[in-house]
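Here is a short briefing on one protein chain. Keep the structure in view as you read.

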Amino acid sequence: MNQRRSRRPAPRPPEGTPAPAELARMARSGLADAARVARWADTELGPGRGSATADGKATLSAATAERAARELGLTPDQVRADWDTARLAGLVEVHGDSARPGWRLRAWDRDDSAVLRGWVALFDAWSLARPEPEDHEPAAVAEVVSAMPQVLSFLQLSAGPVPVEQLLDLLEQRVTELRTARCEIPYGPQPEPQAEPAPTDAPLAPLLEWALRALASVGALTYGDGQATLTPLGSWAVWVKLEQICVAAQSPAGNIEQAAEDMLRGCAQLRPNAARAEYRAWLAARTVGSAVTELLTAARGEDALLRGLAFEALRVVGAPAEPDVRAVLDEPTLRPYALLWLAEHDGADPEDAHEVLTREEATWLWVDTAAAVADHGEAPLLVRHLESAVQPTVPMLLDEVRAVGHPRTVQVLVALAAAHPDPALAKAVRRAAFQVHTGGS
């Protein structure tokens with residue numbers, strides 16, 4: 001008897017939310033300047049167009065910014081601002097000490113989902129869009145960043161303009177809750193805590209203004225005349241976060257005829273045993289060679305969740321996939337997954353297979369997995385993902401994450417900072433995200 005796993009229907013966005021195509025049009029319009037600078041860099045910079053910077057920090061040098069300004073009819077400051085936006089939206093990806101065009105730039109004109117995911121990445125990184133106020137304690141800034149999701153939720157539920165005074169009252173209430181219900185979560189060996197003055201008297205009005213202006217600069221809301229209003233894109237993004245929408249699993253019976261990427265998306269929410277059964281049925285309908293090629297192609301894509309699922313499907317293939325898996329060991333994106341696959345294929349216990357990875361490879365895999373959780377999972381999963389890091393302390397983890405050069409590093413750190421209940425830890429993670437974003441140390 002065939003049994004199907006029952007699933008709740010995907011929730012619908014609030015009434016009045018524009019269709020995805022219209023939302024994508026809005027996102028393209030808002031990010032048009034960033035896309036223009038990214039395309040200019042793709043065409044004009046780097047030997048073989050493989051690099052978009054020449055200053056060793058994945059930021060535009062003064063000479064490059066001035067050249068771009070001349071050719072695009074902008075000021076150097078506008079070029080730098082558009083470049084930073086392009087990086088946060090994934091139109092430009094940072095790899096170690098260089099930057100190059102991101103996959104979203106390639107898909108920008110034809111893939112609405114890529115555009116919307118790029119805009120959501122920018123939305124998630126709103127706190128990096130404008131410099132933090134210099135005359136406020138970092139702890140107070142971190143508390144405001146932690147409290148803003150509730151403010152945004154209130155704006156989304158209000159579905160219209162809200163006076164800033166009302167938002168300030170809500171922000172003050174939420175910050176008070178954070179201070180009184182703070183949960184300290186030790187991670188690794190902890191030194192004796194040192195007294196740090198709590199920013200109980202820090203004025204929040206300037207920080208709320210900073211947050212609203214930063215959110216306005218990424219297109220999430222409009223701010224002026226003493227009130228704030230979510231844009232359609234901002235309202236949709238807040239709803240997405242509230243509902244924690246994941247890719248809807250397709251009916252198992254409908255996956256066999258799909259291409260590898262669509263099949264993997266269809267299996268994303270199946271239980272492991274059901275997913276393996278689906279992989280077997282999909283593989284049985286194809287030659288081994290073509291199936292393995294399709295799975296590795298899907299693994300090379302931008303979605304880290306599909307990368308992990310592709311190698312789960314390759315485990316079902318078994319020995320016939322070994323030559324192809326071994327052939328991708330030179331590809332940095334796939335190497336950690338391939339090493340784990342080969343170790344398990346050679347008889348290693350899955351729990352011990354990670355020992356074949358170098359520290360750098362394990363860190364890269366940690367960031368890639370975190371990217372999958374950030375894109376498709378829930379906030380508590382991302383917080384618990386900290387426990388799987390090989391580094392014994394958060395500072396060591398942050399140092400090595402910054403050094404490994406994963407293209408999603410900034411987005412992962414921003415998501416982790418937003419999800420973590422410990423303001424002090426969240427502050428450290430946000431600072432690391434800012435340093436990666438700016439190329440600083």
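Glu 322 and Arg 326 sit four residues apart in helix H15, about one turn of the helix. They form a salt bridge, with the closest N and O atoms 2.7 Å apart. Bear in mind that this is a predicted model. The chain has 21 helices and five strands.

**The chain as a whole**
- Of the 441 residues of the chain, 46% count as buried.
- The chain exposes about 21600 Å², and carbon and sulfur atoms supply 51% of that area.
- Take the contacts between residues at least 6 apart in sequence: 67% of them join residues at least 24 apart.

**Salt bridges within helices**
- The whole structure holds 25 salt bridges.
- Glu 71 forms a salt bridge with Arg 67, and their closest N and O atoms are 3.2 Å apart.
- These two residues belong to helix H3 (residues 62–72); because they are four residues apart there, about one helical turn separates them.
- Glu 71 has 43% relative accessibility, so it counts as partly exposed.
- Arg 67 has 26%, so it counts as partly exposed too.

**A salt-bridge network**
- Glu 261 forms a salt bridge with Arg 265, with the closest N and O atoms 3.2 Å apart.
- Both residues lie in helix H11 (residues 260–267), four residues apart, so about one helical turn lies between them.
- Glu 261 is partly exposed, at 36% relative accessibility.
- Arg 265 has 17% relative accessibility, so it counts as buried; the cut-off for buried is under 20%.
- Glu 261 and Arg 265 are linked in a network of salt bridges with Arg 117, Glu 302, Asp 303, Asp 375 and Arg 408.

**Helix H16, an enclosed helix**
- Helix H16 covers residues 335–345.
- Eight of its 11 residues are buried, so H16 is largely enclosed by the rest of the structure.
- The buried residues are Pro 336, Tyr 337, Ala 338, Leu 339, Leu 340, Trp 341, Leu 342 and Ala 343.
- Their cover includes helix H14 (304–317), helix H15 (322–327) and helix H17 (359–376).

**After H16**
- Gly 347 follows H16, and its phi is positive, near 105 degrees.
- Asp 349, Glu 351, Asp 352 and Glu 355 form a negative surface patch.
- Glu 355 is placed in the loop between H16 and H17.
- Glu 355 has 59% relative accessibility, so it counts as exposed.

- Ala 214 lies in helix H9 (residues 205–217).
- Ala 214 is buried, with a relative accessible area of 0%.
- Which residues does Ala 214 touch, not counting those up to four places away in sequence? They are Trp 126, Ala 129 and Arg 130.
- Ala 214 and Glu 132 are 82 residues apart in sequence, while their C-alpha atoms are 9.6 Å apart in space.
- Ser 153 lies in helix H7 (residues 138–158).
- At 16% relative accessibility, Ser 153 counts as buried.
- Neighbours within four places in sequence aside, Ser 153 is in contact with Val 238 and Leu 242.

Note on methods:
Residues numbered from 1 in each chain as written. Predicted model: local features only at pLDDT ≥ 70, side-chain atom pairs only at ≥ 80, totals over all residues. Heavy atoms only, no water. Buried < 20%, exposed > 50% of the residue type's maximum accessible area, 1.4 Å probe, protein only. Contact = heavy atoms within 4.5 Å. Areas by Shrake-Rupley, 256 points an atom, 1.4 Å probe, with all protein chains shown as cover. Patch = residues over 30% accessible without salt bridge, like charges linked within 9 Å, V, L, I, M, F, W, Y side chains within 5 Å. Salt bridge = Lys/Arg side-chain N within 4 Å of Asp/Glu carboxyl O. Lys, Arg positive; Asp, Glu negative; His and termini not counted. Charge placed at Lys NZ, Arg CZ, Asp CG, Glu CD.
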